[in-house]
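Subject: A structure for you to look at

Hi,

Here is the structure I promised to pass on. Please open it first, then read my notes alongside it.

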Amino acid sequence: MLFNSEIFQITALSLQVSTIATGISLLIGLPFGTWLALGDFRGRSFLLSIINTGMALPPVVVGLVVTMMLWRSGPLGNLRLIYTPAAIIIAQTIIAVPVVTGLTAAAIESLDPRLTQQLLGLGASRLQMVWYVWREARLPLLAALMAGFGAVISEVGASMMVGGNIKGQTRVLTTAIVLETSKGEFDAALALSALLLVLTYLINLALTWIQQKSRKREEPSAWKSR
Amino acid sequence: MDTAKEPKKRGAVSVEEPLIEIRDLLMRRSGRDVLQVDALNLRRGEILAVVGPNGGGKSTLLLALAHLLRPARGVIRFEGKPLEDWNALEYRRRISFVFQSPLLLDMTVEQNVELGLRFRGIPKEERRARVHPWLKALGIESLAQRRAAQLSGGEAQRVSLARAFVLDPELLLLDEPFAALDPPTRARLLEDMSQILKADHKTAVFVTHNLDEAAKLSHRVAVVAEGRFQQAGTAHEIKTHPAGKAVQVFLKELSQ
């Protein structure tokens, strides 16, 4: 049976690990996706196709590769990260980066291609240009963030393999659900599943709310016009 | 518009020196030669209309002048100095570009118009003070707080023009700014633009495929067709003495 304090700890770790992984993947994926979308260089389409394939990267494959890297005899074994929350963050980041990168590139490519030339033609520096491009694409960029978070919070294969599902240390909601189910403790598994769903829902609700709020301002407001 | 301003220091530069000189220019896009200009000058205060059939290389010329496309060969000089020797940002902050579609950002009309000033780090009070007269001059004062997405095509194009004019650019590049508008809106905006450009002694390059529009707005007309600068002169000269087959074909298409 699970105790309340244990459930709280598992939930907190899930949120912490997935939020950090999403944050890191945003730091990598947003600039990378922007570069892919705006760049004009040889091999761009090839890179984009790799990223798009990466969006469907199976978590167990990522788990396997990260485990091999972090295994005590592996190339990064000295870091002693295997079966720690940090290992889960690494694996989840690898899963989320292609998602955030690919959707960022798609978001920016959906803008009018002449927008960047217009911004530069009005005297924007490169950085100012990128900032206003992000501003214009903020709604689909938020969707990229939501998709990245959704991919990692619900992922189980990689967390199980690199984290080891150690009680009190690396057990997260999804791995706990797998364990409870395998023990036949369906009530506990169901309760944890409900918790996972509610959490995911609340976070997406918050982001959707932000998205809708900025969308509402675009609608014609008849009462404002003179 | 600028009458209250102190005399411009631009006058101090030799009057004879052209603002823009194009020599032996070849522009290539995706491996194809799209524009050749052997020689073309632009004086300060001159408005040059560039006319020609679609796909003839007119827009490429503007992009090259804006330092947004690099020539495959040849040189464009601004104040006697080749564009590649200018710091791209510094150069682009002395000019301004208006595209065929307004390309407004998702913000209010006022915020859109002050965008270029914001890029240049101009403080808020000064931005407001400079934006207001241009909103008025283009008749969009009452729309200042409206979101860009709520504007009609004509209104949006006025915002786009105000956004360029407010920068008081030394060179204004206009790529068919009226092409997407219905005829009455187009005529009104053309009238307003013509007054502003001439009253303000702007130097401008204005792309169009309408020769009457070109005649109305410009001092001189340049014909670009079949990827080549063909001829420059007044609209009348071009109509009466077309310099080659490509110009004749273009004139013939216009009259049909």
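How many residues of domain 1 of chain B are in contact with residues of domain 2 of chain B? There are 10 on the domain 1 side and 10 on the domain 2 side, where contact means that the C-beta atoms, placed from the backbone, lie within 7 Å.

Before going further, a word on how to read this. It is a predicted model, in which local features need pLDDT of at least 70 and side-chain atom pairs count only at pLDDT 80 or more, while totals for chains, interfaces and linings use all residues. Residues are numbered from 1 along each chain as its sequence is written, and chains are lettered from A and ligands numbered from 1 in the order in which they are written.

**The two domains of chain B**

Domain 1 covers 18-94 + 170-256, and domain 2 covers 103-168; these bounds come from an automatic or database domain assignment. Their centres, taken over C-alpha atoms, are 25 Å apart. On the side of domain 1 that touches domain 2, helix α7(B) gives the most, with five residues. Helices (H or I, at least four residues) and strands (E, at least two) are DSSP runs, numbered from the N terminus. By class, that side of domain 1 has seven nonpolar, one polar and two charged residues. Here Ala, Val, Leu, Ile, Met, Phe, Trp, Tyr, Cys and Pro count as nonpolar, Asp, Glu, Lys and Arg as charged, and the others, Gly among them, as polar.

**Strand β8 of chain B**

Now find β8(B), residues 204-207. In a regular strand the side chains alternate between the two faces of the sheet. In β8(B), A204(B) and F206(B) point one way, V205(B) and V207(B) point the other way, and all are buried. Buried means 20 or more other C-beta atoms within 10 Å of the residue's own, exposed means 12 or fewer, and partly exposed is in between.

β8(B) pairs with β3(B) (residues 47-51) in the parallel sense over four bridges; strands count as paired if DSSP finds at least two bridges between them. In this pairing, L48(B) stands opposite V205(B). β8(B) also pairs with β7(B) (residues 171-175), again parallel and over four bridges, and there L172(B) has A204(B) as its bridge partner.

F206(B) is worth a click. Leaving aside neighbours within four places in sequence, F206(B) is in contact with I47(B), L48(B), A49(B), V50(B), L174(B), L217(B) and S218(B).

**Where chain B meets chain A**

This contact takes 21 residues from chain B and 18 residues from chain A. On the chain B side, α2 (88-92), β6 (95-98) and α4 (115-119) each supply at least two residues, and α4(B) gives the most, with three. By class, the chain B side has 11 nonpolar, four polar and six charged residues.

**Two residues with positive phi**

E79(B) has phi near 55°, a positive value in a residue other than glycine. You will find E79(B) in the loop between β4 (73-78) and β5 (81-82) of chain B. Why does E79(B) count as partly exposed? Because E79(B) has 17 C-beta neighbours inside 10 Å.

D168(B) also has a positive phi, near 50°, and is not a glycine. D168(B) lies in the loop between α6 (153-165) and β7 of chain B, and is partly exposed, with 19 other C-beta atoms within 10 Å.

Enjoy exploring!

Methods
Contact = placed C-beta atoms within 7 Å.
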